[in-house]
Amino acid sequence: MGKLEIEKLSDSNFILQMGPHHPATHGVLRLFCEFEGERVIKITPDIGYLHRGIEKLSETKTYPVAMTLTDRLDYISSMINNIGYCLAVERLLNIEPPPRAKFIRTVVSELTRLSSHLLWLATHALDIGAMTVFLYAFREREQILQFFEKICGARLTVSYPRIGGVRFDINSFVLDEIYKFMDTMLNRIDEYETLLTENRIWIARTKNIGVISAAEAVSLGLTGPALRASGVYYDVRKHMPYDAYNEVEFEVPLGENGDTYDRYLCRIREMRQSVFIVKQCIEKMPKGEIITDKAIDIDISPERKRLFVAEDSLWSGFIAFLDEKRELIPKGEIYSAVEAPKGELGFYIVSDGGGKPYRMRIRAPSFIHISAIPKLCEGHFLADVIAIIGTLDIVMGEADR
Amino acid sequence: MLHFIDKNIIVTTLDKIVNWGRSNSLWPLTFGLACCAIEMMAAGASHLDFDRFGVLFRASPRQADLIIVAGTVTYKMAPILKRIYEQMGEPKYVIAMGSCACTGGVFNTYSTVQGVDQFLPVDVYVPGCPPRPEALMYGVLKLKEKIIKEQKRWGSWR
């Protein structure tokens, strides 16, 4: 018998286009995948399918109005986007919100983090094949959205914070409800863990998938849970505290291996920390004003409005933001960052003294995380690409802007 | 003459049956574009169960009867949306969900299509930014009403 001759199948690689319409791409992301057999050798992301021109559009809007556009950046965590934008303008104006507003903002941002992580857990588990988690996570997410309705009347695009404070005060009974819900939330997080953490299928699909070392994660610019899962201690809430984060105690959960499983554990632990932060804030909630006197807003009181209305204006309701000659906002530029559920969300605003931002650049974590997909997917199967897209927690509204 | 009458009697009766069947098993395509997709997911998830209306989300356009355009359509995305619509089998319906899909909404910019009705025949418009899941449900119920009133939209009479 002669030697068995195995012919080489083909020299050419297989190219697959995934997206932009694909149920597991978390938005309209397109990936050009190049395979050798079943292994990925190269992935090129193509973005821009949701480019709405938010940065350019904000240059045509006044400072308080441009906040409504930040809602639509990362639509899962709109409250934190609003707060990030307001903080940047506040630092430009050199004003500070009153203590109660700071605590309210901290409560709502942690509730947003909870709802965002719940949605991430739901969709990530659904992509890998765990349908039950999706239904469980949405049950709690609806309750959090109902709290947002009670606070400000909107579910997703809230526009609740204002430059210099917040729009509405939170009733004490709503705070009590949130406090009670936080106890149930802890049990629910345990429930999700019983479904996934020791699940053999889940471990097989997530362990050692999409491993990234600490040095690589830093050089790629990853932030948030994606960075902390690699063991790098970096959290904007700890390193550059804003609002009431320096008055509450919390831990920053860190991972070790930097794989998909560690990122999952990091986010689950982060949800527990969010619960503790909300509880502490409600316990320590001070009384008093919710918006500072120096605030600029579209619905400010007449006394405050007078400051911004041109004296000779015929229409007194027309705020003089549109007057380019007067210096309403100090000239200069500012970069200010907040810890969004996805990572560091930064706003870089250039002011030329007018009532509108001269330039607003948004440092979106999703955009930077997409650049890590080719690195993370190298050598994995196609099915793992789905897991990796899910684990990075990408929102295309933020990446494309 | 007799042949003609027979045909008509059958058609009107069958219209009712066909429309009843179609309106009670509307399978939409999971076509999430932006913020509205999250509310569409919420409508399909546990709290507001969409399955009770016979609405089951399908991932393939070949299996879908309805496309819910949930979110902002950009000029880069429009050809893909059109192709997906063309891949769907007849009869097919379109719901424009949210201000962006209806009119362009706040995004009156160089990159955004000002309303999906510029290139697709929209049946129901659901306004809101984003509309509540209940609003989407109302939109689907309105589409059901529309389907029940349809005539001769099957077989060779289409």
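Biologist: At what angle do α11(A) and α15(A) pack?
Modeller: Helix α15 covers residues 382-392 of chain A; helices here are DSSP runs of H or I with at least four residues, strands are runs of E with at least two, and both are numbered from the N terminus. Axes are lines fitted to C-alpha atoms, for helices over the stretch in contact, and angles between N-to-C directions run from 0 to 180 degrees. The two axes are 10 Å apart, and the angle is about 30°.

Biologist: What pLDDT do local features need in this model?
Modeller: Residues are numbered from 1 along each chain as its sequence is written, chains are lettered from A and ligands numbered from 1 in the order written, and side-chain values use heavy atoms, without hydrogens and water. The model is predicted: totals for chains, interfaces and linings use all residues, side-chain atom pairs count only at pLDDT 80 or more, and local features need pLDDT of at least 70.

Biologist: Are α11(A) and α15(A) roughly parallel or antiparallel?
Modeller: Angles under 35 degrees count as roughly parallel, over 145 as roughly antiparallel, 65 to 115 as roughly perpendicular, and the rest as oblique. The angle of about 30° therefore makes α11(A) and α15(A) roughly parallel.

Biologist: What hand does the crossing of α11(A) and α15(A) have?
Modeller: The near helix is compared with the far one: turned anticlockwise by less than a right angle is left-handed, clockwise is right-handed. The crossing of α11(A) and α15(A) is left-handed.

Biologist: Which residues of α15(A) make the contact with α11(A)?
Modeller: Contact means heavy atoms within 4.5 Å. On α11(A), Thr260(A), Arg263(A) and Arg267(A) take part. On α15(A), the partners are Ala387(A), Thr391(A) and Leu392(A).

Biologist: How do α6(A) and α11(A) run relative to each other?
Modeller: Helix α6 covers residues 172-196 of chain A, and helix α11 covers residues 260-284. Their axes come within 10 Å and cross at roughly 165°. The two helices are therefore roughly antiparallel.

Biologist: How many charged residues are in the contact of α6(A) with α11(A)?
Modeller: From α6(A) the contact includes Asp183(A), Asp190(A) and Glu193(A), and from α11(A) it includes Arg272(A), Lys279(A) and Glu283(A). Ala, Val, Leu, Ile, Met, Phe, Trp, Tyr, Cys and Pro count as nonpolar, Asp, Glu, Lys and Arg as charged, and the others, Gly among them, as polar. The tally is 17 nonpolar, no polar, and charged 6.

Biologist: How far apart are the axes of α4(A) and α5(A)?
Modeller: α4 (residues 99-128) and α5 (residues 131-152) of chain A pack at about 155°, which makes α4(A) roughly antiparallel to α5(A). α4(A) passes α5(A) in a left-handed crossing. Their axes lie apart by 8 Å.

Biologist: What area is buried between chain A and chain B?
Modeller: Contact links 32 residues of chain A with 33 residues of chain B. Buried area is the accessible area (1.4 Å probe) that two parts lose on being put together, summed over both. Carbon and sulfur atoms give 67% of the total, which is about 2800 Å².

Biologist: Which residue forms a salt bridge with Asp46(A)?
Modeller: A salt bridge is a side-chain nitrogen of Lys or Arg within 4 Å of a carboxyl oxygen of Asp or Glu. The rule finds 3 across the interface of chain A and chain B. For Asp46(A), the closest N and O atoms are 3.2 Å apart, and the partner is Lys76(B).

Biologist: How many residues apart in sequence are the parts tied together by Arg361(A) and Glu55(A)?
Modeller: This pair forms a salt bridge, with its closest N and O atoms 3.9 Å apart. Arg361(A) lies in strand β8 (residues 359-363) and Glu55(A) in helix α1 (residues 54-58), so the separation in sequence is 306 residues.

Biologist: What is omega for the cis peptide bond joining Glu90(B) and Pro91(B)?
Modeller: Pro91(B) lies in the loop between α3 (78-87) and β3 (93-97) of chain B. Its cis bond to Glu90(B) has an omega of about -5°.
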